[in-house]
Amino acid sequence: MSALERVDPVEFARLGNEVQGSVAAGSLERLSEVSRSPGALIRYQVRGYVRRDEKPAIELTVSGLLTVACQRCLGDVEVEIDSNRTLVFLPALGMDQVQDEEEDVDYLPREEAVVPLSLVEEEVLLAMPMAPRHAAGGCETPPAAAGEDGKPSPDLH
Ligand SMILES: [Zn+2]
């Protein structure tokens, strides 16, 4: 099956379906807005299963190396994506029964259909650092236009 196919997440889980492959960052619409490496491949695995508590779940695993803008110098910086998360789908009425938060597990109201590749894109976006930047001292010289007040911004590290 294709990762672009719309699937019922509960069916997907019950049948133990799985899709895996890789996709270019540039072909994912929202990701291509933040990534400077359209050809960079995101590897993914989307696996449906039923948990021991009988809840339908989808485990997402994504990894890849993306080039994004450093928030300090705006130069290219590589960020490594390596993430694993489980989505548990509940009927809307069951949402208030969720009490304890499990690590790396998200509870979602059951939807009629999800597109596995959209889940993959969402996970990559969540896994990106909020403010990607070079390690201390690793920034490129800022462009001349950056210092409008005439003073280079001191690097306090
Ligand atoms: Zn930088």
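Visitor: What makes the site of the zinc ion tetrahedral?

Guide: First, a word on what we are looking at: this is a predicted model, in which local features need pLDDT of at least 70 and side-chain atom pairs count only at pLDDT 80 or more, while totals for chains, interfaces and linings use all residues. Residues are numbered from 1 along each chain as its sequence is written, and side-chain values use heavy atoms, with hydrogens and water left out. Now the site: four donors count as tetrahedral if all angles lie between 85 and 135 degrees. Here the angles among the 4 donor atoms are 103 to 117 degrees, so the site is tetrahedral. For four tetrahedral donors the ideal angle is 109.5 degrees.

Visitor: Which protein atoms are called donors of the zinc ion, and why?

Guide: They are Cys 70 (SG), Cys 73 (SG), His 134 (ND1) and Cys 139 (SG), at 2.1 to 2.4 Å from the ion. A donor is an N, O or S atom within 2.8 Å of the metal (3.2 Å for Na, K and Ca), so these atoms qualify. Water is not among the atoms, so sites may look incomplete. Along the chain, the donors follow the spacing C-x2-C-x60-H-x4-C. Cys 70 sits in the loop between strand 3 (56-69) and strand 4 (76-90), and His 134 in the segment after helix 3 (116-127), so the pair ties together parts that are 64 residues apart in sequence.

Visitor: How do you know whether Cys 70 and His 134 are buried or exposed?

Guide: Buried means under 20% relative accessible area, exposed over 50%, and partly exposed in between (1.4 Å probe, protein chains only). Cys 70 has 0% and His 134 has 14%, so both fall under the 20% limit and count as buried. Asp 8, in the segment before helix 1, has 24% and is therefore partly exposed.

Visitor: What else does His 134 reach with its side chain?

Guide: The side chain of His 134 reaches the backbone oxygen of Asp 76 at 2.8 Å.

Visitor: How does the span of helix 3 compare with what is expected?

Guide: The expected span is 1.5 Å times one less than the number of residues. Helix 3, with 12 residues, reaches 17 Å from its first C-alpha to its last, close to the expected 16 Å.

Visitor: What is a nonpolar core, and which residues touch the most other members in the largest one?

Guide: A nonpolar core is a set of buried Ala, Val, Leu, Ile, Met, Phe, Trp, Tyr and Cys residues joined through side-chain atoms within 4.5 Å. The largest has 32 residues, and Ile 42, Tyr 44, Val 46, Leu 66, Leu 117, Val 120 and Val 124 touch the most other members. Another core, of 5 residues, lies apart from it, with Ala 57 and Val 88 among them.

Methods:
Tetrahedral: all angles 85-135°; square planar, octahedral: opposite > 155°, others 65-115°. Helix = DSSP H or I, 4+ residues; strand = E, 2+ residues; numbered from the N terminus. Polar contact = N/O pair within 3.5 Å; in protein donor to acceptor, adjacent residues only side chain to side chain.
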